[in-house]
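Welcome! Here is a short tour of a few helices and a handful of residues. Take a look at the model first, then read on.

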Amino acid sequence: MAISLAGPEPRSESLVEDLREAILTGRYGPGARLVQDDLAEAFGVSRIPLREALRRLEGEGLVVISPNRGAVVRSLAPKDVVDLYDLRLALESLAVRRAAERFADLRASTKLRHVQARQAIAARNLSALFRLDRDFHADIAAASDNNQLVEALGALWSQIMRMMHAYFEAGDYPVDTWDDHHGIAEAIAHGEADRAVARLTVHLTGSRDRILASLRAKGSRE
């Protein structure tokens, strides 16, 4: 069934966002073929912006485009999780350390997001929870005052959020997530770089291990 969209054909950026959200939330699952004619009808667009959107998502690691099969949602395996979280931990540890050296104070924004997270948990709004989580970590990257680091981490978030959706669609959002966030923010504000990195490491490895356990339970292989 076609999705009704009011007004003129959406811009390429809006289409990218809509397709990305559909992949992140599992509407188009791993291995699903993204047939251009079907997508054009579903999203009410022509094939030209659609091809551009699919190329964008290929660059984000969400889609694989080949001459024989066309566009396919990239599969998700435990090794993908390990590789991504290894990279994420290395980059975010650097961001946390640099932010702590600058005594960046993220405590007020973290407290506000925690309130919003509780509301999202009550509403079972996982997409909102993941955006709040992303924004917390993005603030740390910004506080590092390293634009290259901000861009490198930003490029990972589509894949990170897809992995989070893959786990949390069947589970409960961990209640200790924002306790971890508060602990990291507190350590950064006091310039305690080692403690902040230690808290971040526990936080990210815990998230990684939950995702791995879920994927393996579903039959994914290394």
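## Before we start

A residue is called buried under 20% relative accessible area, exposed over 50% and partly exposed in between, using a 1.4 Å probe and protein chains only. By that scale, aspartate 194 is exposed, at 56% relative accessibility.

This is a predicted model, in which local features need pLDDT of at least 70 and side-chain atom pairs count only at pLDDT 80 or more, while totals for chains, interfaces and linings use all residues. Residues are numbered from 1 along each chain as its sequence is written, and side-chain values use heavy atoms, with hydrogens and water left out.

Helices (H or I, at least four residues) and strands (E, at least two) are DSSP runs numbered from the N terminus. The expected span of a helix is 1.5 Å times one less than its number of residues. Helix α4 covers residues 78-101, and its 24 residues reach 34 Å from first C-alpha to last, close to the expected 34 Å. Its buried residues include Val81, Leu84, Tyr85, Arg88 and Glu92. Just after α4, phenylalanine 103 has a positive phi of about 55°.

Helix α10 spans residues 193-217; with 25 residues it reaches 36 Å, close to the 36 Å expected. Among its buried residues are Ala193, Ala196, Val197, Leu200, His203 and Leu204. An α-helix has 3.6 residues a turn, so residues three or four places apart point the same way. The exposed aspartate 194 also lies in α10. Its side chain makes a polar contact with the side chain of arginine 97, at 2.9 Å. Such a contact is a pair of N or O atoms within 3.5 Å; within protein, one must be able to donate a hydrogen and the other to accept it, and residues adjacent in sequence count only if both atoms are side-chain atoms.

## Where α2 meets α3

How do the axes of α2 and α3 cross, and at what angle? Helix α2 (residues 36-43) and helix α3 (residues 47-59) have axes that come within 10 Å and cross at roughly 110°. Therefore α2 is roughly perpendicular to α3, a label for angles of 65 to 115 degrees; under 35 is roughly parallel, over 145 roughly antiparallel and the rest oblique. Axes here are lines fitted to C-alpha atoms, for helices over the stretch in contact, and angles run from 0 to 180 degrees between N-to-C directions.

Contact means heavy atoms within 4.5 Å. Gln36, Asp37, Leu39 and Ala40 of α2 meet Arg47, Leu50, Arg51 and Leu54 of α3.

Arginine 56 is also in helix α3 and is partly exposed, at 33% relative accessibility. Beyond its neighbours within four places in sequence, arginine 56 is in contact with Glu13, Val16 and Arg20.

## Two buried residues

Glutamate 60 sits in the loop between α3 and β1 (63-66). Is glutamate 60 buried or exposed? Its relative accessible area is 15%, so glutamate 60 is buried. Its side chain makes a polar contact with that of serine 158 (2.6 Å). Not counting residues up to four places away in sequence, glutamate 60 touches Arg20, Ser158 and Gln159.

Histidine 181 belongs to helix α9 (residues 177-189) and is buried, with a relative accessible area of 0%. The side chains of histidine 181 and aspartate 133 make a polar contact at 3.5 Å. Leaving aside neighbours within four places in sequence, histidine 181 is in contact with Thr110, Asp133, Phe136, His137 and His203.
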